[in-house]
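This report describes selected features of one protein model. The sequence and structure are shown first, and the description follows.

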Amino acid sequence: MLNAAAAERNKEPILAVLQESVNTGRHLQALEISSGTGQHVTHFAQSLRNIVWQPSEFDRQSLASIEAYRAHYQLPNVRPAIHLDASLPYQYWGGIPPESIDLVVNINMIHISPMACTEGLFKGAGAVLKPQGLLMTYGPYAVNGQIAPQSNIDFDYSLRQRNSEWGLRDISFLGSIAEKSGLFLEKVMDMPANNKCLLFRKESLV
C-alpha cells in the first residue's frame, strides 16, 4: 500500500466536489483514470456507496498498490484495477463499453504525462461517458496563458526540466480539446494548494 502525501491531503477536498457534483441517490458507474496509489478511489468509495468504481493505472507498481488497498478495505463497490494507457483509444481500455460510464475522474495526471495522454483522456471519456455524464479533472493549470502563483511557476519549470512533454496545461486549451469529443467545460472550482477541479459535461453536438 503505497502512500502519497499529496493524495492524503487532497482526497477529502476532491470528495467534497464529487458529493456536490454527482447524483448520490441512484446507482452510478465511475472510471478513475490514473488511479495512482489507490488512496483516492478507496476513500471516495467509502463515502459514495451508490457508485461502483473502476480504478485503472498505467504503472505496474501502482496497480499492485491499488490491489493492496482493495484487499485492505474490502469494498464491494471497487472493482479490480485494470491496466489502462490513456494515450490509446478507448477500445484498449479494458473492454469498457461506449456510453456505459456516468463519471470519469482524473487526478494529477495531465501535467505529468505527454500531451497524447491528455488528448486520449478527453477522446476516450467522450466515448465511454453516457450522455450528460461528467469528467472531473484535478490538478494545477494555467489560466489564459498565465501560471500563478510563483510556486506553480516553479513547479511547471521543474516538470519541463524533467521531461519536455510535461507541464501545466491551459484551461482554455483543455476546453477546446474537450469540445472536439462533445465535452464542455461546465465549472472551474478553486481547490487548496493552488489546484483546481475542472468539470466537463458530455452533451450532444447537435
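## Aromatic pairs

Phe44 and Trp53 are both buried, where buried means under 20% relative accessible area, exposed over 50%, and partly exposed in between (1.4 Å probe, protein chains only). The model is predicted: local features need pLDDT of at least 70, side-chain atom pairs count only at pLDDT 80 or more, and totals for chains, interfaces and linings use all residues. Residues are numbered from 1 along each chain as its sequence is written, and side-chain values use heavy atoms, with hydrogens and water left out.

Three aromatic pairs are present in the structure. One of them is formed by Phe44 and Trp53, which are tilted, at 5.7 Å centre to centre with 45° between the planes. Rings of Phe, Tyr and Trp (its six-membered ring) pair if their centres lie within 6.5 Å; planes under 30 degrees apart count as stacked, over 60 as edge-to-face and the rest as tilted. The pair of Tyr69 and Tyr73 is stacked, because the ring centres are 6.3 Å apart and the planes stand at 15°. Tyr69 and Tyr73 are four residues apart in helix 3 (residues 60-73), and so are separated by about one helical turn. Helices (H or I, at least four residues) and strands (E, at least two) are DSSP runs, numbered from the N terminus. Tyr69 is buried at a relative accessible area of 5%, whereas Tyr73, at 34%, is partly exposed.

## Surroundings of Gln39

Gln39 belongs to helix 2 (residues 39-47) and is buried, with a relative accessibility of 3%. A polar atom of the Gln39 side chain lies 2.7 Å from the backbone nitrogen of Ala4. The side chain of Gln39 also makes a polar contact with the side chain of Glu8, at 2.9 Å. A polar contact is a pair of N or O atoms within 3.5 Å; within protein, one must be able to donate a hydrogen and the other to accept it, and residues adjacent in sequence count only if both atoms are side-chain atoms.

Apart from neighbours within four places in sequence, the residues in contact with Gln39 (heavy atoms within 4.5 Å) are Leu2, Asn3, Ala4, Ala7, Glu8 and Tyr69.

## Helix 5

Helix 5 (residues 150-162) comprises 13 residues and spans 18 Å from its first C-alpha to its last, close to the expected 18 Å. The expected span is 1.5 Å times one less than the number of residues.

Asn152, Asp156 and Leu159 are the buried residues of helix 5. Viewed down the helix axis, these residues fall within an arc of 65°, so they line one face of helix 5; the arc is that of the directions from the axis to the C-beta atoms. The face turned away from the buried side carries the exposed residues Tyr157, Gln161 and Arg162.

Seven strands form an open sheet with mixed pairing, in the order 3-2-1-4-5-7-6. Strand 3 (82-83) and strand 6 (183-191) are the edge strands, each pairing on one side only. Two strands pair if DSSP finds at least two bridges between them. Strand 6 and strand 7 (residues 195-202) run antiparallel and are joined by eight bridges; Lys187 has Leu199 of strand 7 as its bridge partner.

In strand 4 (residues 101-107), seven of the seven residues are buried. Strand 1 (residues 28-33) runs parallel to strand 4, with four bridges between them, and Ile33 is partnered by Asn106. Strand 4 also pairs in the parallel sense with strand 5 (residues 129-139), over six bridges; here Leu134 is the bridge partner of Leu103.
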